[in-house]
Amino acid sequence: MCYSAKVRAEYREYVKEFGAILSLDQYVAEFWEQMGDDWIKKMPSALRAWFRGPGTKAKAHIGQSIEDWTARQIPEYEAELAKQLARLEENERKLAKKVTKTAQEEVRKATAKIESTAAMLKLLTKPNAAADTARIFPQSIAPIMVWENGRRVVKMMRFQCRKAGAPSSSDWVIDRVTKQKRMSGTYNARRDNLERFWRKQFGYSHGIVIADTFFEHVWRHDMEGRELRPGEKREDVILEFVPDTDKTMLIACIWSHWDGASAGEPDEPDLQSFAFITDDPPPEVAAAGHDRCVIPIKPENVDAWLQPNPENLAAMHAILDDRERPYYDHQFAAAA
């Protein structure tokens, strides 16, 4: 599954390439007020930057909400950083007297926490300093282009699609092996399941996400094209797949407007959310150990994709078949 991607973090990319407008008034009325801080913290910092500076009343409202949230977050992270520095110092003193596994583990944990907390503080105080602020993960907020009132519109939606009418609990499943709750895989919509599981979205609500790269979990031995060695455990690694063209990918998506009242959960806020459509991979992605791939559609097919006809799904499949076909180079991104 495509569990992450680097999306274009500049609104002007959508305007320059597609003449799309940013839909904010309805967004503020229906979603921003309901989601509050939860909506802000799931938005990559590069997207929060869209709302800085002068603009409409709706933009100013969102911008001020983000500034207020940031002002609340900074002292919390500063306090956490001080706490972890003290934790590190205390356990380094213990190690100087006697080496123990407990103190070593505390040093490791404190060091990792210091690094992550300092990185978050940097994002909050100097948001332009980060180069990777446009990477989205499941349940992140991301820009998606849709068709509304006769034109292309950019909306902010959650990356993990909750189908209209489904219970909010469908965002999570119980793992059959670990018996632990984990996020469901509905941030991807398998093409071979579009006319079954996604039948109320496919042919009705389509979108496009502009992205530069995507990321996948693979097993190391599959990536290296070999079988597991005797006694070797499977190792999960993350690969970044980069198209060998200078063009951005226009990733085909489906999306849904979830209404809490219609789903029998009137106290839950409404939600707009989307999923990448994935298909069988090209040979180079399969050789790297993964069995799915996003579908970048051609620019000339954008409007037809965004205005689907549920009575002619064959035309939609034809657009997915007539996709861009770059070669995807891959590189090691991080250990899972």
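I began with a helix pair: α5 (residues 57-97) and α6 (residues 101-125) pack at an angle of about 155°, their axes 8 Å apart. That angle makes α5 roughly antiparallel to α6, because angles over 145 degrees count as such. I note that the model I am reading is predicted.

I looked up the handedness next. The crossing of α5 and α6 is left-handed. Then I sorted the residues of the contact of α5 with α6. I found 14 nonpolar, eight polar and eight charged.

**Helix α1**

Which residues of α1 are buried? I looked through residues 11-18 and found Glu13, Tyr14 and Phe18 buried. They cover an arc of only 95° around the axis, so they sit on the same side of α1. I then turned to the face directed away from that buried side. There I found Arg12 and Lys16, both exposed.

I kept a general rule beside this entry. An α-helix has 3.6 residues a turn, so residues three or four places apart point the same way.

**Helix α2**

I repeated the search in α2, residues 25-35. Here Tyr27, Val28, Phe31, Trp32 and Met35 are buried. Their arc around the axis is only 130°, which places them on the same side of α2. The face turned away from the buried side of α2 carries Asp25, Ala29 and Glu33, which are exposed.

I moved on to β9, residues 206-219. How many of its 14 residues are buried? I got eleven, so I wrote β9 down as mostly covered.

Next I looked for the partners of β9. Six bridges join β9 to β11 (residues 249-258), and these two strands run antiparallel. One position I checked was Gly207, which stands opposite Cys253 in β11.

Six bridges also join β9 to β10 (residues 236-243), and this pair runs antiparallel too. I checked two positions here. Trp219 has Asp236 of β10 as its bridge partner. Val218 has Val237 of β10 as its bridge partner.

I then looked at the cover of β10 itself. Six of its eight residues are buried, so β10 is mostly covered.

**Two loop residues with positive phi**

I looked up Asn149 for its backbone. Its phi is near 50°, a positive value in a residue other than glycine. Asn149 lies in the loop between β4 (141-148) and β5 (151-159). Is Asn149 buried or exposed? Asn149 is exposed, with a relative accessible area of 77%; the cut-off for exposed is over 50%.

I found Gln160 in the loop between β5 and β6 (172-174). Is Gln160 buried or exposed? Gln160 is buried, with a relative accessible area of 0%; buried means under 20%.

I close with the two side by side. Asn149 is exposed, whereas Gln160 is buried.

Note on methods:
Residues numbered from 1 in each chain as written. Predicted model: local features only at pLDDT ≥ 70, side-chain atom pairs only at ≥ 80, totals over all residues. Heavy atoms only, no water. Axes fitted to C-alpha atoms, helices over the stretch in contact; angles between N-to-C directions. Helix = DSSP H or I, 4+ residues; strand = E, 2+ residues; numbered from the N terminus. Parallel < 35°, antiparallel > 145°, perpendicular 65-115°, else oblique. Left-handed = near helix turned anticlockwise from the far one by under 90°. Nonpolar A, V, L, I, M, F, W, Y, C, P; charged D, E, K, R; others polar. Buried < 20%, exposed > 50% of the residue type's maximum accessible area, 1.4 Å probe, protein only. Pairing = 2+ DSSP bridges. Arc of directions from axis to C-beta.
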